[in-house]
Amino acid sequence: MSTIKRKRSAALKRWLLLPVAAIMVITVFSGCSGNNSASSPGQEEAGGSSTGEQADSPLALTLMLPIFKTNYPKDGSPVAAEVEKQTGTKIHFEWVPNASYADKFNITLASGKLPTIMYVADVKASSFVNAAKSGAFWELGPYLKDYKNLGQSNPVILKNSAIEGKNYGIYRGRPLGRNGIVFRSDWLEKVGLQTPQTVDDFYNMLKAFKEKDPDGNGKDDTYGMVLVKWSGQWASGFDTIKLWFGTPNKWGIQDGKLVPEHQYPEYLEALKFMKKLYDEKLINSDFAVMDSGKWTDPIVNNKAGVIVDVIDTGARIDDKIHAALVKEGKDEPDKHFVDVTGGVTGPDGQLHTLPTSGFSGILAIPKSAVKDEEGLKEILTFLDRLNEEDMQTMLSYGLEGQHYKLADGFVEVSSDTVLLESEVEGLNQMLTFIPETIAKQVKQTPLRIKQEEVIKANEANVVVNPAEAFISSVYSLKGSQLDNIINDARIKFIVGQIDEAELLSAFEVWKKTGGDDLVKEMNELYAKAEQ
């Protein structure tokens, strides 16, 4: 062990013995995707390469994370600086727009110049699976038991996020029943409709939001639902909507065999429904390229009325609407402009909802950036520390007195959305919420209480992917190509560039390109698991 590493380790141990009030993490060095300027502080030392450092120098880290806004915390901004100060770390953040994260992830992998901590959106993506199996990332499973919080990881979620039984990252925990429908309740009231219960009700709501002037400005300038491009394992609106029609979640079971979702007739019916929405201009025409970082903007700006997304985005949208009205001097503080529901029933009369895997991506640690076990343990100590209440609160809401205040024990966030975006939002992407969310909470308004109730109720209606935990060697090699064939075909079908026959022809191309081999291998894995 080098002298410098021994001294850093000793410093870290001293830090861990400090009172909890005196410890809080990390500095954010910004940089959008691809910002690898040699002048970025801390970047060259990422991973703890320690030549020439002072005895008590901070632990240098680089984190590559997705960002959902065009504005984000810059290097040395107040929250990041305070977090860094409290944990003795020096961190450079490589922010990557979520819509292009998958591409940037693959480019970074290929470059060999990896950050200390790397967000992996899709743990089953072939690029990551191949890299992990070849030894590019630390296997973290055996170490977790040694940490107060990480040691309480959920065994089911660990299994879902594993590759052949091994965990090459720390999962970011999420509620299972989180997906549903978010809609403008004031618009629904204006057009004289009730919360949708069926697919037909849902369609009628979108149609009314386009045709009945729900914002009351006398102009034909609104539409029904916002759809956007997602990357990695993030669900699109269609991934939820298809389940309403009886489509399985990625894989279904017929006669004891796994069958891919797009081979079900219900999948085609769901696509026809989406095409109908597109043809009638009930969704945004640029959905295939729209940045997910701008997804909520049309709702807040009175252009669209519905998002099919995680349910808890409802309160965040409602907060933004209130913030905009405050600036205009028109706010109604006790009114909610947004409502949520778990979903609608389809042709079979049943409610089917899309579950999460219990996690939203993982935080992986490349061996090229972290050379030895000592450095790995320092980083795991850092990640474990982020699960304490003070850190979860800071990374979620910012600094008390600057970005939020406490009233009766509840968080009241600033109405300055520009301030929050530039100094707070995005920092919570490094939180894993293991074993649970313990941050201070905003006041439990009726909307937030309902959100939690709907999320909990959704668990009884989720459609489980029976192949969730399987890792296919075929998919590892050809997964991106196979997924692109299906995704491109369904987009072209929705927008009218291909007809049904051409769509089905694309499905046949999928089979010949490796799909048949994938189905065969997945069924072998399924049969083995059932033994």
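Author: In α11, the buried residues are Thr313, Gly314, Ala315, Ile317, Asp318, Ile321, His322, Ala323 and Leu325. Buried here means under 20% relative accessible area, exposed means over 50%, and partly exposed lies in between, with a 1.4 Å probe and protein chains only. The model is predicted, so local features need pLDDT of at least 70 and side-chain atom pairs count only at pLDDT 80 or more, while totals for chains, interfaces and linings use all residues. Residues are numbered from 1 along each chain as its sequence is written, and side-chain values use heavy atoms, with hydrogens and water left out.

The cover over the buried residues of α11 includes β5 (179-184), α10 (297-300), β9 (304-310), β10 (338-341), α14 (417-423) and α15 (446-458), where contact means heavy atoms within 4.5 Å. Helices (H or I, at least four residues) and strands (E, at least two) are DSSP runs, numbered from the N terminus. Helix α11 spans residues 313-328, 16 residues in all, and its first and last C-alpha atoms are 23 Å apart, close to the 22 Å expected at 1.5 Å a residue. That expected span is 1.5 Å times one less than the number of residues. Just after α11, Gly329 has a positive phi of about 70°.

Next, the salt bridges. The structure holds 25 of them, each a side-chain nitrogen of Lys or Arg within 4 Å of a carboxyl oxygen of Asp or Glu. In the one between Lys148 and Glu388, the closest N and O atoms are 3.1 Å apart. This pair links distant parts of the chain, 240 residues apart: Lys148 is in the loop between α4 (126-133) and α5 (155-160), and Glu388 is in the loop between α12 (373-385) and α13 (389-397). Lys148 is exposed, at 56% relative accessible area.

Glu261 and Lys242 form another salt bridge, with the closest N and O atoms 2.7 Å apart. Glu261 is in the loop between β8 (257-260) and α9 (265-279) and Lys242 is in helix α8 (residues 237-244), so the pair ties together parts 19 residues apart in sequence. Glu261 is buried at 13% relative accessible area, and Lys242 is buried at 2%. Both belong to a network of salt bridges that links Asp239, Lys242, Glu261 and Arg490.

Within helix α9, Glu269 and Lys272 lie three residues apart, about one turn of the helix, and their side chains meet in a salt bridge (3.8 Å, N to O). Glu269 is partly exposed at 39%, as is Lys272 at 34%.

The sheet is open, with five strands in the order β2-β1-β3-β11-β4 and mixed pairing; two strands pair if DSSP finds at least two bridges between them. β2 (89-97) and β4 (170-173) stand at the edges with a single partner strand each, so one side of each has no neighbour in the sheet. β4 runs antiparallel to β11 (residues 359-364), and three bridges join the two strands. Ile170 stands opposite Leu363 in β11.

There are 13 aromatic pairs, in which rings of Phe, Tyr and Trp (its six-membered ring) have centres within 6.5 Å; planes under 30 degrees apart count as stacked, over 60 as edge-to-face and the rest as tilted. Phe238 and Tyr267 make an edge-to-face pair, 5.6 Å centre to centre with 90° between the planes. Phe238 is in helix α8 and Tyr267 in helix α9, so the pair ties together parts 29 residues apart in sequence. Phe238 is buried at 5% relative accessibility, and Tyr267 is buried at 1%.
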